[in-house]
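These are my notebook entries from a first look through a structure.

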Amino acid sequence: MLLALTDHLHCTGDHAASWLVARADAAVRGWMVEGELGCPMCDVTRGIRGGVLSWDPAVAAQPVAPLLMTGPDDDSVIRLAALLALVEGSAPYVLCGDMGRYAVALGAVAAAPLVLLDSPDDSAAGLATIIRGAPRMPFADRSVRGIALDATHASAERVAYAVRVLAPGGRMVAGSDLALPSGIRELARDDRHWVGERVVDHSSVSAPVAIGRAPAAPRRGWNG
Ligand SMILES: [Zn+2]
């Protein structure tokens with residue numbers, strides 16, 4: 001698990017939003033290999049073993065298809081990188097389930113933090129952060145730059161949380177059979193996928209100003 005990613009992770013407990021505190025027992029060049037994340041509000045801890053963060057050990061301690069993953073072809077990789085608008089930076093991109101097959105190849109396209117939720121195997125541990133068993137997106141609101149959903153992470157609740165954690169302008173990619181969720185503006189679609197972006201939420205921008213004055217527009221950058 002990438003240690004710097006701790007800044008973007010949140011507890012999924014039913015309480016006010018809370019960051020997590022990391023305790024690294026073994027770390028190599030900024031990657032936590034063994035350790036623990038704890039929530040200061042509900043005291044739940046999540047273990048990290050072999051670099052893999054297990055959100056709920058009872059649910060998904062093991063990959064579902066170890067060592068059977070085949071890499072996607074080059075065209076598919078470039079296509080997904082383009083759909084996600086993958087660029088170097090500190091804000092993470094999240095690949096759900098089977099989309100984790102793209103991690104190694106996407107890592108070669110741009111130096112961006114990749115998070116794999118319930119990936120089919122653990123072969124990308126060390127270059128991507130693997131999280132298993134989280135009931136919903138374990139990230140701070142507006143902290144994620146792109147999300148590729150697969151069919152197993154496309155329930156209404158999971159998709160709603162995915163929208164919530166996306167930064168304004170962040171990209172969401174999903175199968176074309178999934179309905180476009182509220183808060184996402186469609187950019188393009190074909191028979192396989194659609195891609196959309198998180199609509200900028202102006203609700204937090206303060207009172208309107210009088211016409212005739214031209215104050216600088218608030219800059220809404222990536223969170224991190
Ligand atoms: Zn908590």
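**Entry 1: around β7.** I began with Leu117, which stands opposite Ile131 in β7. This is a predicted model, in which I took local features only at pLDDT of at least 70 and side-chain atom pairs only at pLDDT 80 or more, while totals for chains, interfaces and linings use all residues. Residues are numbered from 1 along each chain as its sequence is written. Strands here are DSSP runs of E with at least two residues, helices are runs of H or I with at least four, and both are numbered from the N terminus.

I then looked at the pairing itself (two strands pair if DSSP finds at least two bridges between them). β6 (114-117) and β7 (129-132) run parallel and are joined by three bridges. Strand β4 (residues 52-54) also runs parallel to β7, again with three bridges. There, Leu53 stands opposite Ile131.

Buried means 20 or more other C-beta atoms within 10 Å of a residue's own, exposed means 12 or fewer, and partly exposed lies in between, with C-beta atoms placed from the backbone. I noted a rule to go with this: in a regular strand the side chains alternate between the two faces of the sheet.

Entry 2: Asp122 lies in the loop between β6 and β7. Asp122 counts as buried because 20 other C-beta atoms lie within 10 Å. I also checked Asp122 against Gly100: they are 22 residues apart in sequence and 9.4 Å apart in space, C-alpha to C-alpha.

**Entry 3: β8, β9 and α4.** Next I followed β8 (144-148), which runs parallel to β9 and is joined to it by four bridges. β9 is mostly covered, with seven of its ten residues buried.

Which residues of helix α4 (residues 156-165) are buried? They are Val159, Tyr161, Ala162 and Val165. These residues sit on the same side of α4 because they cover an arc of only 160° around the axis, the arc being that of the directions from the helix axis to the C-beta atoms. The face turned away from that buried side carries the exposed residues Ala156 and Glu157. What covers the buried residues of α4 includes β8 and β9.

**Entry 4: the largest core.** I looked up the largest nonpolar core and found 52 residues in it, with Leu95, Leu116, Ala148, Leu149 and Ala162 having the most contacts inside. Strand β9 (residues 166-175) gives this core its largest share, five residues. The core also draws at least three residues from each of domain 1 (3-51) and domain 2 (74-210), bounds that come from an automatic or database domain assignment. A nonpolar core is a set of buried Ala, Val, Leu, Ile, Met, Phe, Trp, Tyr and Cys residues joined through C-beta atoms within 7 Å.

For contacts I used C-beta atoms, placed from the backbone, within 7 Å. Leaving out residues up to four places away in sequence, Leu95 touches Gly100, Tyr102, Ala103, Leu114, Leu116 and Ala148.

**Entry 5: Tyr102.** Tyr102 is found in the loop between β5 (93-96) and α3 (103-109). Why does Tyr102 count as buried? Tyr102 does so because 27 other C-beta atoms lie within 10 Å. With the residues up to four places away left out, Tyr102 touches Pro72, Val77, Leu80 and Leu95.

**Entry 6: two positive phi values.** Ala85 has a positive phi of about 55° although it is not a glycine. Ala85 is in the loop between α2 (74-83) and β5, and is partly exposed, with 16 C-beta neighbours inside 10 Å. Arg142, in the loop between β7 and β8, has a positive phi near 60°. Arg142 is partly exposed too, with 18 C-beta neighbours inside 10 Å.

**Entry 7: the whole chain and its confidence.** I counted four helices and eleven strands in the chain. Of the 224 residues, 35% count as buried. The average pLDDT (the predictor's confidence in each residue, from 0 to 100) is 87, and 84% of the residues score at least 70. Over residues 204-215 pLDDT stays under 50, and the model has two contacts beyond four places in sequence for them. Where pLDDT is low, the predicted coordinates should not be read in detail.
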